[in-house]
Amino acid sequence: MKTLKLKLASALLAVLVVFTACSDDDGSQNPSSPELPPEASMSANLGNFPSNGESSGNGSAANLEQNEHSNFAFAATNVVFWQTILNVQLAIPVAAFHEAFNHSFEYLPEQAKWRSEYTVQVNNQSITATLYAEYNNADQIEWEMYLTAPGQFEDYLWFRGESQTDGSGGTWYLSKGPAQSGEVLSITWDRQGENVVNAIYTLVDEQSERNGSYIEYGVTTESGYTHFYDISIVSETEADYDVLIYYNEDTQEGTVRSEAHFETSTFMCWDSDFQNTTCEQ
């Protein structure tokens, strides 16, 4: 009888060991492939806000400031300032990140990381991209993107970041580029829909006289408008100021508030022809 009990106990122990081993394998050897943050989380697109002079047909921002388009011109000047920065700083990293959606990840068990490697064409230049993903915990993934262009730069960490595993939000940190050291921009994003995000772009370049300035952009439920731009300009050489803009992408009507610029806390509006108009109450 003792022998039978001993055999049963040994058998149960063996089953338990096998079960535990299988559980460990499932957790460490075959983890879940990471989900990429939405494409819109890293984008140079600040919506279809018309640049001053192009849609209004009235020349430069300086000229517009002096005429009946001054409200739109001031708003446009601030949006275009940020759009220019994003176009320059994000061209290569955005192309590399968006291409990742066309490729799969492989798991690197020794590093406990995931890797996706591929080539992307940017301005007729072939760049090799290596994107790493690592689970920081059950709720967060850390990302690192290394780029290589033969004869120019090799395994350059162009951006890094972290995101929630459910893709609901996160932050990107963009480097200046291979010719310079340090980071230039951070993007804190919050998912609003399938591929719709609200994002805050912040200058984090310690060598910039406007370090710390930011623009927050996203969709809005403000009556009569589709998008908003919340801008804060910090300057070492000029007075700091804030700007809040609401814009209707369909009608091109908008409103802007900047107490520092207009010397009033009320909103200033423009119509579908970009002309100054009285704001509706």
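A disulfide is a pair of cysteine sulfur atoms within 2.5 Å. The views below come from a predicted model.

**View 1. The disulfide between cysteine 269 and cysteine 279.**
The sulfur atoms of cysteine 269 and cysteine 279 sit 1.9 Å from each other. By the rule above, the count for this model is one disulfide. Such a link is a covalent bond between the sulfur atoms of two cysteines. The torsion about the S-S bond of cysteine 269 and cysteine 279 is about 115°, so this disulfide is right-handed.

**View 2. Asparagine 124 in the loop between strand 2 and strand 3.**
Strand 2 covers 113-122, and strand 3 covers 125-137. Asparagine 124 has a phi near 60°. That is a positive value in a residue other than glycine. Asparagine 124 is also exposed, at a relative accessible area of 81%.

**View 3. Aspartate 250 and glutamine 252 in the loop between strand 11 and strand 12.**
Strand 11 covers 241-247, and strand 12 covers 254-257. Phi of glutamine 252 is near 70°, again positive in a residue other than glycine. Glutamine 252 is partly exposed, with a relative accessible area of 26%. Aspartate 250 counts as exposed, at 67% relative accessibility. Its C-alpha atom is 9.3 Å from the C-alpha atom of serine 272. Along the chain, aspartate 250 and serine 272 are 22 residues apart.

**View 4. The largest nonpolar core.**
This core holds 61 residues. Which of them touch the most other members? They are Phe49, Trp82, Tyr201, Tyr229 and Ile245. Helix 3, residues 70-99, gives the most to this core. The contribution of helix 3 is 13 residues.

**View 5. Tyrosine 229 and the residues it touches.**
Residues up to four places away in sequence are not counted here. The contacts of tyrosine 229 include Leu46, Gly47 and Phe49. Val79 is another residue touched by tyrosine 229. Tyrosine 229 also meets Ile215, Glu216 and Tyr217. Val243, Leu244, Ile245 and Tyr247 complete the list for tyrosine 229.

Terms used: Residues numbered from 1 in each chain as written. Predicted model: local features only at pLDDT ≥ 70, side-chain atom pairs only at ≥ 80, totals over all residues. Heavy atoms only, no water. Helix = DSSP H or I, 4+ residues; strand = E, 2+ residues; numbered from the N terminus. Buried < 20%, exposed > 50% of the residue type's maximum accessible area, 1.4 Å probe, protein only. Core = buried A, V, L, I, M, F, W, Y, C linked by side-chain atoms within 4.5 Å. Contact = heavy atoms within 4.5 Å.
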